Amino acid sequence: MKKLIALIIALPLFAGGEAWLNIGYGNVSQEYDKDGKVNDIGGSFSVTNIYLGGSYDLYKLPALTLFGGGDLRLSQHQFSPDIGESVSSGFALQNLVLFLGGKGPFFNGKIGFLMDLGPEMDTDKIPNTDEQNAIMVNLSGTLPNPMFSLSAGIYYFLTLEAETKVFGPSVKIDNGDYFAFFAKGGYKFAMGEAGIELIYRMRTTAKIEGNEIQDSDGNHFSLIPYVTINPPAFPLSFFIKGAVVDEYLPYGFSLMGKNDLVTRLGFTLGAKFSF
């Protein structure tokens, strides 16, 4: 028993980690209605994001690494109507995600808490969040292959009811939980990988004061092309993908949807430093 304890202690307790910076932009001018039909929104809506984050390996075993980290997100939402002046949220904090997880050669899982940091509702501005905190779960798996990258997984955000006040008394709102399934396939080359990711995201029915809002649920199916560059023996890696993240999940080139945006123009640039 003593030898086993000594072996566990001798394993590296702090085994490195990574830090990242992502910058994204997206612009839309159409939306899907409750029947999946495409309609103009009477202008254009744009999102600009900056994400700063990192994770640290807390404990490493031969087949499992435990890690923790966080992601600080800043965002600006802007609506420019066909007639009239533009209105914006201003570039402001959006949320902070703190998480713990475990990873191995063929799997990755984490659970975290999303803390809403968006500015309070203002009649002169539009919000950059839904004003709700959320519990996050992310699970994914990878198939080993020397030539191709094949992976799939799920995201789930359990949103927590919040109180909001615009006109009149405060009311309790829940804009719905978010669930997404994604599958990704890419071709590996000497300095990186190129491929396409498919993501299907769903939003459950919204509620006000515990009462469901009819036809408020939604879904969105899109594809995301991506290229990742990993220079050999270099701690920095880079990526570009045809998607932009909203408060919770990425939007790619939309193929179909319901009560959601028709996303066509969106991209994210990212850099990651491994140590």
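Before looking up any strand, I noted how they are assigned: helices (H or I, at least four residues) and strands (E, at least two) are DSSP runs, numbered from the N terminus. The model is predicted, so I kept in mind that local features need pLDDT of at least 70 and side-chain atom pairs count only at pLDDT 80 or more, while totals for chains, interfaces and linings use all residues. Residues are numbered from 1 along each chain as its sequence is written, and side-chain values use heavy atoms, with hydrogens and water left out.

**Entry on T268**

I looked up T268 and found it in strand 21, which covers residues 265–274. T268 is buried, with a relative accessible area of 5%, where buried means under 20%, exposed over 50%, and partly exposed in between, for a 1.4 Å probe and protein chains only. I then listed its contacts (heavy atoms within 4.5 Å). Leaving aside neighbours within four places in sequence, T268 touches N22, I23, G24, F239, I240, K241, A243 and V244. The side chain of T268 also reaches the backbone oxygen of A243 at 2.6 Å.

**Entry on G69 and strand 3**

Next I turned to G69, which lies in strand 3, residues 65–81. G69 is partly exposed, and its relative accessible area is 22%. Not counting residues up to four places away in sequence, G69 is in contact with G54, S55, V97, L98 and F99. I also noted that G69 and G112 are 43 residues apart in sequence and 9.3 Å apart in space, taken from C-alpha to C-alpha.

Which strands pair with strand 3? For this I needed the rule that two strands pair if DSSP finds at least two bridges between them.

- Strand 2 (residues 38–60) is joined to strand 3 by 17 bridges and runs antiparallel to it; F45 stands opposite F79 in this pairing, and the two strands form a hairpin with four residues between them.
- Strand 5 (residues 92–103) pairs with strand 3 over 11 bridges, also in the antiparallel sense, and here T65 stands opposite K103.
- Strand 4 (residues 87–88) pairs with strand 3 over two antiparallel bridges, with F79 opposite V87; their hairpin has five residues between the strands, and in it G84 takes a positive phi near 115°.

I then followed an open sheet of four strands, whose order is 9-10-13-14 with antiparallel pairing. Strand 9 (162–164) and strand 14 (211–212) stand at the edges with a single partner strand each, so one side of each is left without a neighbour in the sheet. Strand 13 (residues 207–208) and strand 14 run antiparallel and are joined by two bridges, and K207 stands opposite E212 in strand 14.

**Entry on the second largest pocket**

Last, I looked at a pocket, which is found on a 1 Å grid over the protein atoms alone as an open set of points with protein on both sides within 12 Å along at least five of seven lines, its lining residues having an atom within 4 Å of a point. The second largest pocket has a volume of about 1,100 Å³. It is lined by 47 residues, and those closest to its centre are F45, H77, Y178, D246 and L261. Strand 1 (residues 17–32) gives the largest share of the lining, five residues. By type, the lining of this pocket divides into 22 nonpolar, 14 polar and 11 charged residues.

Technical notes. Polar contact = N/O pair within 3.5 Å; in protein donor to acceptor, adjacent residues only side chain to side chain. 1 Å grid on protein atoms, 1.4 Å probe; cavity = no way out; pocket = protein on both sides within 12 Å on 5 of 7 lines; lining within 4 Å. Points joined across faces, edges and corners; volume = space filled by probe spheres on them. Nonpolar A, V, L, I, M, F, W, Y, C, P; charged D, E, K, R; others polar.
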